[in-house]
Amino acid sequence: MKTITKNQLTFATLISILTLAFRFGLSNLLDQRDFLLVWVLAAVYAILMFISGYFIGKKDHESFPYADSGFKFHLITFVVFVSVSEIWYLLEYNSVYEYIKTVHLTAIFWGIGLLVHYIFFRRTRRNAIKGIDRSEIFD
Amino acid sequence: MSDATLLTELLSAWEETYKKGQLTLWIFMALKEEKKYVEEIKTFVEEQSGQSMSCEEQSLYRNLRKFQHLGVVDFEAGKGNKGPERKYYFLTILGQQLLNKFIQRNISLFFNPKIKNLLTTEE
């Protein structure tokens, strides 16, 4: 089974750029105390992330129906978001209104969610043959 | 709804369900005959099924990728008539065993004289 597919790599690259743009925009808007636009930015970021995941994920599944595709996309999103955010703080690009604790708390709670997803994925995998769900082999 | 329309509608609905999953059998039969590239598989399926089965090349590629991953189909590069080399797909030993078992368990029963007789259509 492939560790990462071409579509997943494209997704990782795209959301890295989106997350960098989001962090840049967020820190700047907070420095300018433009709190209303922060909400707009967060909403736009969330929508773009969802659209990217939805369409690239669909393309990935159509290209090859690996049973772990959904979990992999979730894991990539988590790793990219947390890594970019940690690096942002490490390089001290953050606003004075941003605290590293927020990223850590996000990572913990999201990490728990990811773990739950992993448990469900492990259950689904029992129904797979060589990484493909039984129902999708001869569909 | 007239009886003729109802018949057409029901037949169409039944066939939609019936044909799901049939593509694998047709692909395997195409490859049992001889090694084929995708275009040849498509032609075989459509001609031999009397055009009742249609398949997009994209769908064939997707299925062949899955079957190759599972080890029931493999390919070798071969010369095309013109242009670049083509992938000639064939059934592996596992693929042949799978097809044989499937035929034994699911298709051969239709050759039982009693069933064969029942399958004879009356106009």
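Mentor: We begin with burial: a residue is buried if 20 or more other C-beta atoms lie within 10 Å of its own, exposed if 12 or fewer, and partly exposed in between, the C-beta atoms being placed from the backbone. This is a predicted model, in which local features need pLDDT of at least 70, side-chain atom pairs count only at pLDDT 80 or more, and totals for chains, interfaces and linings use all residues. Residues are numbered from 1 along each chain as its sequence is written, while chains are lettered from A and ligands numbered from 1 in the order in which they are written.

Trainee: Why does Arg23(A) count as buried?

Mentor: Arg23(A) has 22 C-beta neighbours inside 10 Å, and because the definition asks for 20 or more, the residue is called buried. Arg23(A) sits in helix 1 of chain A, where helices (H or I, at least four residues) and strands (E, at least two) are DSSP runs numbered from the N terminus.

Trainee: Which residues is Arg23(A) in contact with, leaving aside its neighbours within four places in sequence?

Mentor: They are Val84(A), Ser85(A) and Trp88(A), a contact being two C-beta atoms, placed from the backbone, within 7 Å. Arg23(A) and Trp88(A) are 65 residues apart in sequence, yet 7.5 Å apart in space, C-alpha to C-alpha.

Trainee: How do you know where Arg33(A) and Glu92(A) stand on that burial scale, buried or exposed?

Mentor: Arg33(A) has 9 other C-beta atoms within 10 Å and Glu92(A) has 6, and because exposure means 12 or fewer, both are exposed. Arg33(A) lies in the loop between helix 1 and helix 2 (35-63) of chain A, and Glu92(A) in the loop between helix 3 and helix 4 (100-125) of chain A.

Trainee: What is the phi of Arg33(A), and what is that of Glu92(A)?

Mentor: Phi is near 55° for Arg33(A) and near 60° for Glu92(A), positive values in residues other than glycine. Most residues other than glycine have a negative phi. A positive phi, near 65°, is also found in Gly50(B), which follows helix 3 of chain B.

Trainee: How do you know at what angle helix 1 (residues 6-31) of chain A crosses helix 3 (residues 69-90) of chain A?

Mentor: Their axes, which are lines fitted to C-alpha atoms over the stretch in contact, with angles running from 0 to 180 degrees between N-to-C directions, come within 9 Å and cross at roughly 35°.

Trainee: What makes the buried residues of helix 3 of chain B line one face of the helix?

Mentor: In helix 3 (residues 38-48) of chain B the buried residues are Ile41(B), Lys42(B) and Val45(B). Seen down the axis, they fall within an arc of 100°, so they line one face, the arc being that of the directions from the helix axis to the C-beta atoms. The face turned away carries the exposed residues Glu39(B), Thr43(B) and Glu47(B).

Trainee: How many residues has the largest nonpolar core?

Mentor: A nonpolar core is a set of buried Ala, Val, Leu, Ile, Met, Phe, Trp, Tyr and Cys residues joined through C-beta atoms within 7 Å, and the largest has 14 residues, those with the most contacts inside it including Ile27(B), Phe28(B) and Ile41(B). Helix 2 of chain B gives this core its largest share, five residues. Another core, apart from it, has six residues, among them Ile15(A), Ile56(A), Phe73(A) and Phe81(A).
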